[in-house]
Amino acid sequence: MEINEIRNQVRIREWMELVRERTSSGMTINAWCEMKGISKYQYYYWLRKVRQEAYNEIENHKDSLPVAQED
């Protein structure tokens with residue numbers, strides 16, 4: 001794994017935590033970003049990256065997920 005790829009993965013993990021923090025705060029995105037000193041554009045940029053990473057992880061492990069069986 002290349003150093004830039006590792007650095008990007010670390011940033012994504014950090015932002016996953018920030019997104020969880022914002023969600024659990026109950027605050028609006030604008031208010032939370034203002035409080036943290038983060039631009040809302042930066043927040044949305046990383047939110048898109050976090051969502052893409054979550055999607056990629058699901059796609060990569062799709063074959064190992066249990067399948068719901070109908071009764």
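Here are a few notes on the charged pairs and one surface patch in this predicted model.

1. Start with the salt bridges: searching the whole structure turns up four of them. One joins the side chains of Arg-13 and Glu-57, at 3.1 Å from N to O. That pair links distant parts of the chain, with Arg-13 in helix H1 and Glu-57 in helix H3, 44 residues apart. Arg-13 is partly exposed at 40% relative accessibility, and Glu-57 is partly exposed too, at 31%.

2. Glu-53 is the one I'd look at on screen. This residue sits in helix H3, which spans residues 40-61. Glu-53 is buried but has no salt bridge. Why does Arg-13 not count as a partner for Glu-53? Arg-13 is the nearest side chain of opposite charge, yet it is 4.1 Å away, and a salt bridge has to be within 4 Å. Leaving out residues up to four places away in sequence, Glu-53 touches Gln-9, Ile-12, Arg-13 and Met-16.

3. Next, a pair inside helix H1. Glu-17 and Arg-20 are three residues apart there, about one turn of the helix. Their salt bridge has its closest N and O atoms 2.6 Å apart. Glu-17 is partly exposed, at 47% relative accessible area.

4. Lys-36 and Glu-21 also form a salt bridge, with 2.8 Å between the closest N and O atoms. Lys-36 belongs to helix H2 (residues 29-36) and Glu-21 to helix H1, so this pair ties together parts 15 residues apart in sequence. Lys-36 is partly exposed at 37%, as is Glu-21 at 32%.

5. Finally, the patch: Ile-3, Ile-6 and Val-10 make a nonpolar surface area of about 260 Å². Val-10 lies in helix H1, residues 3-25, and is partly exposed at 44%.

Terms used:
Residues numbered from 1 in each chain as written. Predicted model: local features only at pLDDT ≥ 70, side-chain atom pairs only at ≥ 80, totals over all residues. Heavy atoms only, no water. Helix = DSSP H or I, 4+ residues; strand = E, 2+ residues; numbered from the N terminus. Buried < 20%, exposed > 50% of the residue type's maximum accessible area, 1.4 Å probe, protein only. Lys, Arg positive; Asp, Glu negative; His and termini not counted. Contact = heavy atoms within 4.5 Å. Patch = residues over 30% accessible without salt bridge, like charges linked within 9 Å, V, L, I, M, F, W, Y side chains within 5 Å. Areas by Shrake-Rupley, 256 points an atom, 1.4 Å probe, with all protein chains shown as cover.
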